[in-house]
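Please go through the structure below.

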Amino acid sequence: QVHLVESGGGLVQPGGSLRLSCAASGSIWSITAMDWYRQAPGKQRELVAGSNTGGSINYADSVKGRFTISRDGPENTVYLQMNSLKPEDTADYYCHVSGRDYIGENFRAWGQGTRVTVSS
């Protein structure tokens with residue numbers, strides 16, 4: 001099994017910054033992609049930022065120029081640096097990791113979610 005542990009959420013004022021972390025552990029042979037999603041109250045979960053092992057990175061239009069996704073490969077950890085936060089960034093943020101385990105099976109795993117609240 002693959003386990004994801006997220007941290008870094010909290011309450012921040014508009015214009016502030018937060019850094020989310022997600023560490024993957026368990027039966028991981030290789031990782032294909034590490035992504036961040038978010039779900040605001042009453043809305044569907046949406047992709048915020050995605051990163052694959054080929055080096056391709058993509059962002060939702062709403063966060064371009066403000067959020068940065070990065071990875072620490074050896075530690076199987078992905079980060080989301082969030083700057084210039086806006087109230088509309090308020091949501092539960094979820095880490096998502098896909099890859100292959102030690103027996104050659106593909107896996108997809110979700111973190112438990114971390115809440116980000118942007119409010120004055």
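Arg66 and Asp89 form a salt bridge, with 2.7 Å between the closest N and O atoms. A salt bridge here is a side-chain nitrogen of Lys or Arg within 4 Å of a carboxyl oxygen of Asp or Glu. The model is predicted: local features need pLDDT of at least 70, side-chain atom pairs count only at pLDDT 80 or more, and totals for chains, interfaces and linings use all residues. Residues are numbered from 1 along each chain as its sequence is written, and side-chain values use heavy atoms, with hydrogens and water left out.

**Salt bridges**

- Strands are DSSP runs (E, at least two residues), numbered from the N terminus.
- Arg66 and Asp89 are both buried. Buried means under 20% relative accessible area, exposed means over 50%, and partly exposed lies in between (1.4 Å probe, protein chains only).
- Asp92 pairs with Arg115 through a salt bridge, 2.7 Å from N to O. Asp92 belongs to strand S9 and Arg115 to strand S11 (residues 114-118), so this pair ties together parts that are 23 residues apart in sequence.
- Asp92 has a relative accessible area of 18%, so it is buried. Arg115 has 56%, so it is exposed.
- Glu46 counts as partly exposed because its relative accessibility is 34%. Arg38 counts as buried because its value is 6%.
- The count of salt bridges comes to five.
- Side chains of opposite charge can pair when their charged atoms come close.

**Disulfide**

- The structure has one disulfide, defined as a pair of cysteine sulfur atoms within 2.5 Å.
- Cys22 and Cys95 form this bond, with their sulfur atoms 2.1 Å apart.
- Cys22 is in strand S3 (residues 18-26) and Cys95 in strand S9 (residues 91-100); the pair links distant parts of the chain, 73 residues apart.
- The torsion about the S-S bond of Cys22 and Cys95 is about -80 degrees, so the disulfide is left-handed.
- Both Cys22 and Cys95 are buried.

- The largest nonpolar core holds 30 residues. Such a core is a set of buried Ala, Val, Leu, Ile, Met, Phe, Trp, Tyr and Cys residues joined through side-chain atoms within 4.5 Å.
- Leu4, Trp36, Val48, Phe67, Leu80, Met82 and Tyr93 have the most contacts inside this core.
- Beyond its neighbours within four places in sequence, Tyr93 is in contact (heavy atoms within 4.5 Å) with residues including Glu6, Leu20, Trp36, Arg38, Phe67 and Val116.
- Ser21 lies in strand S3. Its relative accessible area is 18%, so Ser21 is buried.
- Not counting residues up to four places away in sequence, Ser21 touches Val5, Glu6, Ser7, Trp36, Val78 and Tyr79.

**Surface patch**

- Trp29, Tyr102 and Ile103 form a nonpolar surface patch with about 450 Å² of accessible area together.
- Patches are made of residues with over 30% relative accessible area and no salt bridge; like charges are joined within 9 Å, nonpolar side chains (Val, Leu, Ile, Met, Phe, Trp, Tyr) within 5 Å. Accessible areas come from the Shrake-Rupley method with a 1.4 Å probe; for residues, only the protein chains shown count as cover.
- Ile103 lies in the loop between S9 and strand S10 (106-110). Ile103 counts as exposed because its relative accessibility is 69%.

Technical notes. Helices (H or I, at least four residues) and strands (E, at least two) are DSSP runs, numbered from the N terminus.
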